Amino acid sequence: MKPLIKFFFLTIFFLLFLSCNQQHSEENYRIGFSQAMTTDNWRREMNKSMQLEASLHPEIVLEIKDAENSVAQQVKQIEGFIKDDVDVLIVSPIQSNPITTVIEKAMDAGIPTIVIDRKIDGSNFTAYIGANNVEVGRNAAKYIISHSGEPAEIIEITGQEGSSPAHERSEGFRKAINQIPNLTISHIIKGDWEKASIKEELSKLLDSTEIPKYIFAHNDRMALGAWEVVKEKSLEDDIHIIGVDGLFGPNGGIQLVKDRILSATVLYPTGGMEAIKLAEELMSHESIEKNNILKTVIIDSVNVGIMKNQFDKMNQQQNDIEHQQEVIDKQINTYNSQSKLIQLMIFLLVLLLILSVWSIYLVVKLRKHKRNLESSNTEIRAQRNKIEEFAEKLKLSNESKINFFTALSHEFKTPLTLITSSIDSIAERPSKESQEISYETNLIINNSKRLLRLINELLDFRKIENGSFDLRVTKTKIVPFLKNIVDNFKSEALKKSIELKFSYKSENLELYLDREMMDKVFFNILSNAFKFTPKNGKVHITIEEKEEKIEILFKDSGIGIPKEEFQSIFDPYMQASNNTRPSSGIGLYITRQFVELHKGNISVSSNQGAEFKISLLKGNVHLKEYVISEVQKGMDTSYERNRVENLVPEEIDGNKNLRENAESVLIIEDNLELSFLLQKKLSSEYKVYVSDGVDGVEKALEVIPDVMICDINLPDKDGFQICRELKNDLRTSHIPTIILTALSDKESRLKALKAGADTYITKPFNNQILMESIKSALFNREKLRYYYTNRIDKVNGENFAGAEQFFLKELNALIDANLKNSGFTVEDLACSLEISRVQLYRKVKALLGVSVNEYINSLRLKKAKNLLQNSKLNISEIAYEVGYSSPGYFSTSFKKEYGISPKELKTS
Ligand code: FRU
């Protein structure tokens with residue numbers, strides 16, 4: 001854009017320069033003219049002829065300055081022209097000597113100088129133009145000589161002293177007159193070119209001397225003055241007056257001759273036109289004459305007519321020229337304005353062109369810019385997408401890692417809980433029987449083994465991540481090898497009544513295996529199968545021989561794996577979405593890595609349970625790069641197969657010494673060891689019920705416990721869901737619920753509270769805290785019960801929380817509607833509330849602390865009391881009104897409740 005702007009301004013400057021330049025060429029030559037004065041017509045005529053000539057040359061600018069007959073002013077004006085550096089200077093000096101110096105100065109400044117009419121001293125000027133004044137004087141004398149036949153006297157009236165014409169005219173005149181003996185110049189009157197300067201002197205002279213026959217005045221103006229004096233004295237017929245100048249026009253010399261005022265006049269041309277022509281030649285560097293003498297002639301009665309005609313014609317021509325000049329000037333003006341208009345139009349056109357080019361350039365540039373922007377946009381978008389993708393991956397990976405570590409730590413927490421709880425227990429009760437202590441010691445050992453297994457898995461995982469596993473394969477008979485592992489699960493199978501089957505066709509099948517790795521692989525798969533297979537389920541292991549490989553299948557009848565997770569189940573940190581049991585999810589990852597190190601393959605399918613298939617190639621060609629040891633190698637001593645079975649006794653002995661009204665606690669926990677430990681601890685004070693989570697809700701509805709302890713990570717429904725369901729059920733909504741979980745994050749706490757949990761305890765927990773929490777839950781329930789029973793009439797108000805208020809409202813309404821009905825039973829009430837009789841009993845007992853019958857009875861007696869005080873019914877009528885079939889039984893019950901018989905109340 002910058003070069004274009006430059007171009008734009010350059011064009012403007014160029015156009016301005018062009019127009020200025022044109023103007024300058026019209027002002028090419030400047031002529032400065034210093035005129036002596038402009039008081040007389042002769043001088044005005046000189047100026048006019050100069051202007052006329054200059055106007056014919058448009059390149060000439062003529063500036064005329066009037067010195068007003070002042071020598072000092074004329075010097076100053078000439079200096080001004082020198083300073084302005086005019087191209088040509090023209091001077092008509094007032095006097096010769098005083099002007100000489102300044103003209104020399106102009107010449108020194110290099111300005112060509114033309115002297116006109118009057119001369120200066122010396123010859124330091126470029127050119128002189130004017131008539132020959134000696135000849136002018138001589139011509140005047142010649143006229144007198146030719147007309148005077150007899151002796152005659154002449155008076156001479158001269159021009160201003162010091163001016164060259166006055167001096168030269170006298171010289172020419174006198175020389176010629178003095179040659180004629182009978183002609184005498186009797187008197188000389190010194191004038192200053194104007195008539196006023198001579199009239200008085202002439203008048204006196206005419207009065208005092210002899211009348212002259214001729215008067216010669218150096219110009220027509222003084223000649224006219226002389227005639228006026230002569231006329232005054234009526235001497236006009238006697239005296240002949242001759243003047244100089246011969247101007248055309250009124251009062252001009254020609255007219256004066258024609259009017260016979262003057263006898264003759266000598267033509268003295270102004271030379272104005274010729275001076276401009278000379279200047280022009282000078283400016284065109286043409287060579288010119290230094291002295292340019294103009295023609296002079298005598299005009300008298302003989303030729304005055306012709307002369308006048310000629311001057312008329314000349315004047316006419318001059319007027320025509322002036323008129324034409326005016327027309328030309330007008331045309332020039334029109335031309336100038338039109339050419340300016342054209343220039344302006346050209347300028348605008350050029351501007352338009354530049355602007356068009358500019359806009360095209362801008363459009364092209366904008367398009368280019370837009371294209372660049374679009375491409376950088378696409379690039380940015382692509383980069384952003386990449387970043388987003390990367391961020392998403394990072395997020396997923398971070399989430400997975402966090403999940404992994406959380407899950408792992410949770411897995412650590414339960415065994416830890418067991419260990420710490422057991423240790424607490426041992427410390428608290430050192431005098432307990434040795435059997436109990438040994439159970440808890442075994443629990444510590446068992447769970448320590450679990451921790452060890454977890455740590456081993458973690459170490460394997462790290463090794464895989466670092467790629468630092470070395471495969472050391474040995475030829476192995478797969479059937480006995482696998483059988484040995486399967487045997488580890490026999491006792492668990494027996495306990496859970498699981499059908500454990502191991503099928504194979506040949507016992508001699510051999511594979512090259514890293515025994516330690518493959519032991520872990522098979523053990524892990526079987527552990528999983530047993531973990532997810534319920535009681536009375538099946539676990540089948542089959543070995544099948546194919547052409548190049550051996551396939552080992554593990555099929556269970558557990559919960560199975562969703563189809564879309566067949567691949568991801570082997571990824572680290574992943575576990576099947578239907579598996580709510582705590583797990584780090586690295587077991588299967590390690591399994592796959594180990595199988596793949598053997599160039600084998602592991603896959604899973606699911607159809608009524610899960611089926612894992614491990615394919616291993618026969619022979620050792622595929623394993624050549626690894627260390628193949630032919631020597632049968634024992635197991636690595638650092639590795640111990642930790643098949644830790646749950647340490648749960650078949651039967652839990654109930655406490656026979658329990659309080660009569662001991663409250664009941666339901667434990668919903670899938671870790672059987674923890675469940676058993678809790679049961680063991682609580683059974684001394686409470687009636688304890690347990691659920692492994694699968695039947696949590698059903699169990700709660702069945703027993704309607706006083707308190708519930710519930711885990712969150714459970715095999716079927718999670719703890720939140722169980723809690724939510726029970727809290728939303730009228731039958732169980734009143735039961736205080738303690739959540740006991742390994743999840744310690746804020747979100748889980750909030751979720752539990754939202755689900756209706758009353759207390760949240762995280763694992764590993766402190767025994768005492770748990771016991772106190774149960775007590776405090778029961779105490780709070782007791783406080784609420786007290787509140788309900790003491791404000792039974794306000795139950796319909798807004799003071800009670802949701803489900804309980806709703807339940808009591810409905811209960812009261814049903815009892816009230818059936819108050820009169822003596823056959824109305826607890827079964828009827830339970831049926832109307834759509835719950836069982838036992839559930840109703842436990843709910844009312846829990847909320848109000850009384851049995852349902854007692855509650856119905858108290859309402860009946862309350863109504864009876866009201867009727868006794870406010871109605872006219874008799875006691876028997878009141879007894880029937882509140883559902884008593886026997887007035888006697890009514891009176892006994894009433895007295896028992898209020899300590900006063902109905903009769904006494906009625907009469908009081
Ligand atoms: C004009 C004039 C003329 C005369 C001339 C001489 O000013 O007086 O009449 O011829 O000057 O310079």
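**Exercise 1. Find the residues that make the nonpolar surface patch of about 390 Å².**

Solution. Keep in mind that you're looking at a predicted model.
- Step 1: pick out Leu 341, Leu 344, Met 345 and Leu 348, which together form this patch.
- Step 2: Leu 341 sits in helix H11, residues 304-428.

**Exercise 2. Which residues gather in the patch of positive charge, and is Arg 367 buried or exposed?**

Solution. 
- Step 1: on the surface, look for Lys 365, Arg 367, Lys 368, Lys 370 and Arg 371; these make up the positive patch.
- Step 2: locate Arg 367, which belongs to helix H11.
- Step 3: check its cover. The relative accessible area of Arg 367 is 54%, and exposed means over 50%, so Arg 367 counts as exposed.

**Exercise 3. Work out which strands pair with S17, and in what sense.**

Solution. 
- Step 1: start with S16 (residues 538-545). It pairs with S17 in the antiparallel sense, over 7 bridges.
- Step 2: see how the chain gets from S16 to S17: a hairpin of 3 residues does the joining.
- Step 3: pick a bridge. Val 539 has Asp 556 in S17 as its partner.
- Step 4: Leu 617 in S19 stands opposite Lys 549.

**Exercise 4. Why is strand S17 called largely enclosed?**

Solution. 
- Step 1: take the strand's residues, 549-556, which number 8.
- Step 2: apply the cut-off, where buried means under 20% relative accessible area.
- Step 3: 6 of the 8 residues are buried, so the rest of the structure largely encloses S17.

Notes:
Residues are numbered from 1 along each chain as its sequence is written. This is a predicted model: local features need pLDDT of at least 70, side-chain atom pairs count only at pLDDT 80 or more; totals for chains, interfaces and linings use all residues. Side-chain values use heavy atoms; hydrogens and water are left out. Buried means under 20% relative accessible area, exposed over 50%, partly exposed in between (1.4 Å probe, protein chains only). Helices (H or I, at least four residues) and strands (E, at least two) are DSSP runs, numbered from the N terminus. Two strands pair if DSSP finds at least two bridges between them. Patches are made of residues with over 30% relative accessible area and no salt bridge: like charges are joined within 9 Å, nonpolar side chains (Val, Leu, Ile, Met, Phe, Trp, Tyr) within 5 Å. Accessible areas come from the Shrake-Rupley method with a 1.4 Å probe; for residues, only the protein chains shown count as cover. A salt bridge is a side-chain nitrogen of Lys or Arg within 4 Å of a carboxyl oxygen of Asp or Glu. Lys and Arg count as positive and Asp and Glu as negative; His and the chain ends are not counted. The place of a charge is taken as NZ of Lys, CZ of Arg, CG of Asp or CD of Glu.
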